[in-house]
Structures are given as C-alpha cells and as structure tokens.
Amino acid sequence: MTTMPSGPVLDKGLANTIASDSRMSFIDGQQGILEYVGVDIDSLARHSTFEETVFLLWNCRLPKKSELDGLVAQIRAEYDIPAPMWDLIRAVPKDAVPMHVLRTLVSALSMFDPEVDDASPEANQRKAVRLLAKTPTLIANFDRHRKGKPFVKPDASLDMAANFLKMLNGEPATATMARALDVCLILHADHGFNASTFAALVTISTLSDLYSAITTAIGTLKGPLHGGANEAVMHLLDEIGDMSNVESVIRGRLERKEKIMGFGHRVYKAYDPRATYLKTFAKKLAEDTGNLKLYEMSSKIEEIMAAAVGARGILPNVDFYSATTYYSIGLQVDLFTPMFAMSRIAGWVGHCIEQLADNKLIRPRCEYTGPHGVKYVPIDDR
Ligand code: ACO
C-alpha cells in the first residue's frame, strides 16, 4: 500500500479496504469461521433449509414458523416467469454459455416487472423474491431448450432445490439429491463483500435498480477467479483423467506457476469452512452414487497441494469440493456456476437492500500514472 499525496491509500485489489459495514455474514479467515448473522455455517448446513437461510440473511434473525411459511409461500408464488420469457428462452442459441444466458435472461426479466424502478423498500423486497424465485426456472428451462426437450413449468408444491431439479430433469428428484442441492444453496448464499457482491453494490449505490445490480453481479461471478472456479475444477479433473496422472499434472502446473483452481482465497488463510462441509458431503454423495473416482482424485490433489503450498494458506475453497458435489447431483459442468448464482442472489439482494438503507455512492479514486502537459499535435503533423 502506498499513500497518495491527497490522503487516500492506493490498495490494488482492495485487499486492505473495508468498503462499508454489513450485518449479514461474518468471516474470520485466520480461524476458518463463517457465520450468517451470527449463526455458524455448519449448523445451517446441517439443520436449516435454503429458504430459512434466505429469511435469516434478509431479516437478520431466524424466522418463527409462520414467518418462514410466509416467505416460502411468496417465493413459490413467484416461480413462474412472464409468458414472453419462455419465447426469449426459445430464441437463445442452443450452444450459448449458461452464465451468458443467465445474465441476459435476468436482465430481460426487468422489462416485465412493473416495479422495476420503484425503489421503495416494499417494492425491493418483492423484487428480491422474484429474482430469487425465477432464476431456477430460467436456468433449468434453458438447459431443457438446448437439449431439445419440452419446457417443464415450476412446481409450487416443492422447495427451491427440489423444484429446480424437477424442472431440469423432468422428473422428481430423490430426497437425497434435493437435500444435497439445498445444502449447496445454503453454503453459497452469502460471503461478505466478495467480488460479485461488491460489483452489485457499486451498481445499486448509483441508485440504479435491483435487476441491474444482479445482472452486474452475475457477470462478475462468471470469472474463473471467482464463481467460475467450480467449473474450472471439473475441467481440471477431466484433464487429469485418472488417479495415476494426478501427481504429474498438479506438480507440472505448480512448476509452471499456474494456479490450481478451487484453491486459495483472498480472505481464508485457514480451511474454508464451506469446503470442510462440502468435502464430507462430496464423499458421502460419491459413496451413495457408487462413483468415488472424482472424489478420490480430488483428495489426492488436496494432499499434494497441502504439502506444496498449504503452509502459505493456499487451501481448498468452496469451489473445490462443490465441483464433485454438483457432479454427483448429476448437473452438467456448465451449470455449476449458475447454481452458485441461484444461491448467491440471496446475498446479492440482501446486501443491495442494506446498501440502500444507508447509501453512499461507491466511487474510489485511481492514482494517475500517465504524463502531464502533453502538447496537442494536429493529426497530420504526428
Ligand atoms: N494455486 C496455486 N497458487 C496460488 C493459488 C492457487 N489456486 N492461489 C494463489 N496462489 C499463489 C499465487 O500464485 C501467488 O503466489 P506468488 O506470491 O508466489 O506470486 C500467491 O498465492 C497469492 O495469490 P494471489 O492470486 O495474488 O492472491 P489473491 O488473494 O489475489 O487471490 C484468489 C485469491 C484469486 C482466489 C486466488 O487464490 C486464485 O486465483 N485461486 C484460484 C481460483 C479460485 O479457486 N477462485 C475461487 C475463489 S472462492 C470464490 O470466489 C467463490
């Protein structure tokens, strides 16, 4: 960090900047602790549901039963998408990348929401529910469209995870798979001022609308240094192919100073608590489905990384074991990051609403490093 003459501090990557405050999630990167509004992430993964976690994040307390029932009813009532959106999905090229599709379709949803530019807290709450509830319908039905399968309408008798899997596969999911996805949604729901949340906050801080903020966030999540890492992990496992190749591929990459996706974190220098949970979960799912190969290869990668760079705090992050978990649930690789988005919408909108309650335009400075006093020379004389 260096200090500019006028006072502000140059902090590339904002690694040492606290941009604002939040009541939503607490992260202790040295101890490996993550809490949503004070509730430990492990307890939530074991005992909560995604919908209850959403209530917690949006209201900063756990709900009473009637309050949870109320939110669940609101979400389910918003599962379906406006009629023209089905035509829009049909118009999407079948080979489009799902994250591009999601970003575009979420942006398009705004045109069918009469409250899009109503910034009252009540309207924002309703839009938050709509964004959360409709995203699974967009993702699942784009996947059906690209596979040439008929659309499946959402089922309002199911929770978000089971409803998504039913739309995706055209048949009800087993309770184990629906719960597995539910837990993944809980674990990915919020994480402080990560890159995509911060991007959403920059957008909402200009007093733009919630759809614009979430569209910004989806574009930011897509990158392989952020949410896109879960897909990159799967591509790495594919490239390795077999247990016998793990050592040579990982060591080769490290020697070439290439990053191993799914490892390292800006905040965690201890084991990411979400990865702790997902590791056990990935193993259980792999055993249940009888396909342990990817889990065993992942374990071996972790072992090699621990010996090589573990002491520097480069440990598995949430994306590493979520890759094998999503694979066991039967999701296609390019849907992994959309799954992350489907969950993180909870955090994105929660933070945006928090920002609006005490808004200040987010507008940092940059340190100019170009020349001064350059004479303008007419183009023909250059
Ligand atoms: N594999 C190997 N080396 C790594 C890794 C990795 N995955 N991550 C960091 N390092 C090394 C870097 O090469 C660098 O080494 P150097 O000091 O010798 O140059 C050092 O650790 C610091 O790395 P930075 O990238 O500068 O650290 P930063 O805090 O900016 O990065 C990040 C955090 C982007 C997550 C990084 O660890 C990374 O690129 N990981 C791989 C991508 C990934 O898994 N992203 C998902 C993160 S979780 C999430 O967003 C949901």
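Predicted model: local features only at pLDDT ≥ 70, side-chain atom pairs only at ≥ 80, totals over all residues.
Which helix supplies the largest share of the lining of the largest cavity? That helix is α5, with 4 residues.

**Ligand site**
- Around the ligand there are 19 residues, of which H226, K259, I260, G262 and F263 come nearest.
- Sorted by class, this shell consists of 10 nonpolar, 5 polar and 4 charged residues.

- A ligand nitrogen atom lies 3.0 Å from a polar backbone atom of L225.
- The side chain of R266 has an N or O atom 2.9 Å from an oxygen atom of the ligand.
- For R312, an N or O atom of the side chain is 3.1 Å from a ligand oxygen atom.
- On its own the ligand has 920 Å² of accessible area, and the protein covers 69% of this.

**Largest cavity**
- Its volume is about 40 Å³.
- The lining is made up of P98, V101, L102, L105, L138, I139, F142 and P338.
- Both α5 (98-109) and α6 (121-146) contribute at least two residues each to this lining.
- By class, the lining has 8 nonpolar residues, with no polar and no charged ones.

**Second largest cavity**
- The second largest cavity has a volume of about 30 Å³.
- Its lining residues are G264, H265, Y268, A270, D272, G313, L315, P316 and N317.
- These divide into 4 nonpolar, 4 polar and 1 charged.

Conventions:
Residues numbered from 1 in each chain as written. Heavy atoms only, no water. Near = heavy atom within 4 Å. Polar contact = N/O pair within 3.5 Å; in protein donor to acceptor, adjacent residues only side chain to side chain. Areas by Shrake-Rupley, 256 points an atom, 1.4 Å probe, with all protein chains shown as cover. Nonpolar A, V, L, I, M, F, W, Y, C, P; charged D, E, K, R; others polar. 1 Å grid on protein atoms, 1.4 Å probe; cavity = no way out; pocket = protein on both sides within 12 Å on 5 of 7 lines; lining within 4 Å. Points joined across faces, edges and corners; volume = space filled by probe spheres on them.
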